[in-house]
Amino acid sequence: MSKEEYQLLIQEPDPSTLLYNNNEGSTVNRDNFINRIKNIIKNEKKKINAFLLPKPKGKDLLKDKSDEFYQEIYDYYRRKGFACIVLERISHLVTIAFVICFSVFLFGCIDYSLISENSQLSQVIVDQCVYQLNWKIKFFLSGFIILWLYLFINYFSEFMRLRKIYYFYNCKLKIPDRDIQLISWNAVIKKIIKLYNEENQELEDQSEIEELDAHKIVNIIMRKENYFIALINKECIKFNIPFFESKQLLTDILAWNVQWCINNFVYDKNGHVKEYFLDKEKKLNLSRSLSQRFRLMGIINIILLPFLLIFTIVYTFFRYSEEIYHHPGSIMKRTYNLLAQWKFRQFNELPHDFEKRLNRSYESAMTYLNQFPNSRITIISKLIVFISGSIVTVLTILTLIDQDFFNSFEITPGGSVLFYIGIFTSILAFTKGMINEDTKEYDPQILIENVAQETHYYPKKWREESYSDEVRNEFEGYFDKKIFIIFRNIYGLILTPFILMITLPTCSYKIINFFQEFTVNLSSVGYVCSFAVFDFRKHGNPEYGYKIKKNDEIIDEDSEAEDKKENENENKSDNDNNKQSDENNNENKKENKYSNEGKMELSFLDFRAHYDSWIPKKETGGLEYSSYINDSKLKRYPMLTSQMMLNPTSIKGKEPEITSPYPINSAMYSSSLIFSVMEDMIHNNNINSSRINYAIVNQIYNEKQNLTNN
């Protein structure tokens, strides 16, 4: 806005120019004034848009080959637009600044010895307290200020990059921030692909155009996460606590350190796997270098431990004190810890889909754990609830009778009535959360299967011994109470350097070997984890329904296993043991190429359910596996119609019509997973294809295992 325009707005106007009258000149003057203001506002909007919507120079946005751009597109969607991201970053900076300043005020600017003698805050504040701080507080304060400045610079640079994404959504995809709150990610993907195809239609040489689909976009976004998921799934990386090998610990700070060591070692500046990293002749040298990185990060964590420990304790206190005070029982709620989340997450599964899947499992998980009675803790908890409840009740009644009793009476020296009411109320709420009031009886096997159909994690021991206390403790280690996770994040800061220096260097060779064995080059994407490509010809596991192709003919694994069993019974010889050992060796080599717990197969089925427009490549075997699973849905469970499989919705209160060509058998209802799926579909109208797919794959796995055992 120019100086003249500003003067025009602030000057005292002539009243005759602002009122309608019969004087034509007055009306014209008023209209000119209003139009002038509109032009000023319009020019200011253009300046703001020119700042927020910088047009990219040199090349189109979709031709940017770096992973960072596509990751920022998704991050922009997940965090709900430009304004939300800026407010979130500002809030984070203000929070850290408040924690630092308030901590300095509490520990360095108040003379606590004067509190008992004075009644005003100004009387106990130390004059010029900042200058009188001891060297220890000044040292830590300097470190925190440097951290805050680093975050400020980092967020400012992120804001400058964010303008590019803002332009992409608003001008290229035509998705304003007000619509991004509710639009689905699948719809965003379709718009990106449509824009990509429109831009490529203008090119003269159409032969060089590479196809873009949802699978490639998600692979670019999750390139690093897919590798980390696979490393944990194949047990190439472990987080055992030194000298306590049976215990694993994965906290946010440890995960950040591990990913930093691997990511900055394996990937280049564009996020692609480095070429020389895949050279098998350099495997030993690469593993030694990675081990050195882990040890170096362990030493750095020891140096930074005082800063991290103090800040984490203070931040945790400020973060959860209000919640504990008003809702003491909330601290005893359960949630999945970080290790469980990485174990349960699937290939090419974006965070917002993963969070929805885990949220659906909470109710069944709580019900499963509550089935295991702990009579000793229940008895003690009821005793504490009775005593603390009685004390709170008596003190509350006396307070209602006499207000002076509440304000001035001290139960112990310095301990007022209000103090003890707060203490015993917290104890009451805390112990109440430890009492199981659910008297219903459930089948542990059904409950653990209901949990597994959402978490997609179902080890063999859980299938066979879901009733045992050992399985219960193992599951409880994944689905832990919030208070234990908070304490684990605090003492995990102390254990992180030792895990980095002792445990992780022993995993370096396996990590390097995994990258070299399970990396493939995907067209227009680059090197990615081979499990994320969904290549069933290479990684399809027969135990989860994939039918191996031999000489371009699909082999039915069920009939093949039966024939093999009959031949073994008819033709026994002295060299059976040698043949069996050779077969076991071959099977071990094959199993090494399979993902554990059928993760790749389930990831593929869920990905197809989320992105209905994506069609897998014929050479990967994905179409064959998908058609086999769909056929199994009708063959094994004909109550599932084809419409439910492809578009799993139903009308509440109406039973589905059975249109399957296969006869119905009562044994088909034996799977509790299918029963729960049908129950939700008929009564609650709450069916999703993920649950159907898992139920089918789980049933196929059980049948394969039974056939093998028999």
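This is a predicted model: local features need pLDDT of at least 70, side-chain atom pairs count only at pLDDT 80 or more; totals for chains, interfaces and linings use all residues.
Q: What percentage of the residues in the protein chain is buried?
A: Buried means under 20% relative accessible area, exposed over 50%, and partly exposed in between (1.4 Å probe, protein chains only). Of the 710 residues in the protein chain, the buried ones make up 43%.

Q: Is Y74 buried or exposed?
A: Y74 sits in helix α3 (residues 67-78); helices are DSSP runs of H or I with at least four residues, strands are E runs of at least two, and both are numbered from the N terminus. Because its relative accessibility is 5%, Y74 counts as buried.

Q: Which residues does Y74 touch, not counting those up to four places away in sequence?
A: Contact means heavy atoms within 4.5 Å. With residues up to four places away in sequence not counted, Y74 touches W185, I221, L350, P351 and H352.

Q: How is helix α9 oriented relative to α20?
A: The axes of α9 (residues 252-266) and α20 (residues 482-503) come within 8 Å and cross at roughly 30°. Axes are lines fitted to C-alpha atoms, for helices over the stretch in contact, with angles from 0 to 180 degrees between N-to-C directions. Angles under 35 degrees count as roughly parallel, over 145 as roughly antiparallel, 65 to 115 as roughly perpendicular and the rest as oblique. Therefore α9 relative to α20 is roughly parallel.

Q: Which residues of α20 meet α9?
A: From α9, the residues are D252, I253, L254, N257 and V258. Their counterparts in α20 are N489, L493, T496, I499 and L500.

Q: Which residue in β2 is the bridge partner of I241?
A: Strand β1 (residues 240-241) and β2 pair in the antiparallel sense over two bridges, where pairing requires that DSSP finds at least two bridges. The two strands form a hairpin with two residues between them, and F243 in the turn has a positive phi of about 70°. The bridge partner of I241 is F244.

Key. Residues are numbered from 1 along each chain as its sequence is written. Side-chain values use heavy atoms; hydrogens and water are left out.
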